[in-house]
Amino acid sequence: MISVIVPVYNVDKYLERCILSIVQQTYRNLEIILIDDGSTDDSGKICDSWAERDERIVVKHIQNSGVSVARNTALDMANGEYIAFVDADDWIDLDMYELMVKAIQESKADICAGGYVLSTDKNKAIQLKHKTKNYDRKEVILMVFAPNRNTKMGWELCDKLFRANLFKTCRLRNGCVCAEDKLIFWQLMKRTNKVCHIALHKYHYFMREGSTVHKITLKHIQDDVAVAKFIYKDSLKEDEYIMRVVRLRYYMTIISTIRKLMLFNNDSVDKEEYIERYVKTIRENLVHILVSNCDFAYKLGAIYAVMPYACKLACLSLIKNFKTRADEV
């Protein structure tokens, strides 16, 4: 049995599409756990209505606590041999789980990764196709956490099928509003021996305006850096090569964070204090970044990061002016 975990919060416009794609799966042995995370629209009513129509559906209503708490609540309830995650505004093709169960059983892997289709309100773009292949944990870590991350597999949970025993002592970090997938995927990799990667792309990841992933707040920025730092510190227990790769990823996260803070439009936050804190880390490790094999764009980003604050503002102004003129042309 697969326990399919769906955190639900104010998505009544999309929830029917999501649930329908799960209950109509060709693989029928499902336990569908809908966690209503304190929705204030009709999402909770839709969940209850579906529970009356399909005995495989279990609904639990909780106070609004965030996606990590909702997923952890469902993990505590799950009874399946396998765990799958679906976001309530996404949907899946009807044969996805049938194909993933077959692949994970034949490969004897701990995780099956299938890839996803990225959809927006305006267009749709399919991720690059790849061949089916089995990877050991080190190969996956080096692929997923590489500083350049030009890979076909990511740390997202929703396009994967997991053996339930991986979660026996592993939960998402409550209160984390950003990069919670990245953190738990790192933790799961410490419990994983083999990952099967198949070219399905049957998960439809809907990038809607107003979703949590698009709301950039100071909390999001801080969580992203905190997760990257935790993973780097934890990687010190790994071999030298993994540690160096993850360390570079940490630096890349900080460089990206400095840029986000420069663009952050909340005047009530003292951005300079946070920027200087992150700049110090890059300044102390600038030589290491410049001689590494990371993308040239990141090396330029590192140089930009250690510039004086006024110079950063001037660079941003030049870039904005250049883009404006280019758009006019």
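This is a predicted model: local features need pLDDT of at least 70, side-chain atom pairs count only at pLDDT 80 or more; totals for chains, interfaces and linings use all residues.

The structure holds 1 cavity of 30 Å³ or more.

What lines this space? The residues around the largest cavity are Phe145, Lys182, Ala228, Ile231, Val246, Arg249, Tyr250 and Thr253. Two elements each give two or more residues to this lining, namely helix 7, which spans residues 218–235, and helix 8, which spans residues 240–263. Of the elements, helix 8 gives the most to the lining, with 4 residues.

Sorted by class, the residues around the largest cavity comprise 5 nonpolar, 1 polar and 2 charged residues. Lys182 and Arg249, both part of this lining, count as charged, whereas Thr253, also a lining residue, counts as polar.

Which strand pairs with strand 4 in the antiparallel sense? Strand 4, made up of residues 82–85, pairs in this way with strand 10, made up of residues 160–163, and the pairing runs over 3 bridges. Within strand 10, Phe162 is the residue that stands opposite Ile83.

Strand 10 also takes part in a pairing with strand 6, which covers residues 111–113. This pairing is likewise antiparallel and extends over 3 bridges. Here Ala113 has Lys160 of strand 10 as its bridge partner.

Notes. Residues are numbered from 1 along each chain as its sequence is written. Side-chain values use heavy atoms; hydrogens and water are left out. On a 1 Å grid over the protein atoms alone, a cavity is a set of points where a 1.4 Å probe fits but cannot get out, and a pocket is an open set with protein on both sides within 12 Å along at least five of seven lines; lining residues have an atom within 4 Å of a point. Grid points are joined across faces, edges and corners, and a volume is the space filled by probe spheres set on the points. Two strands pair if DSSP finds at least two bridges between them.
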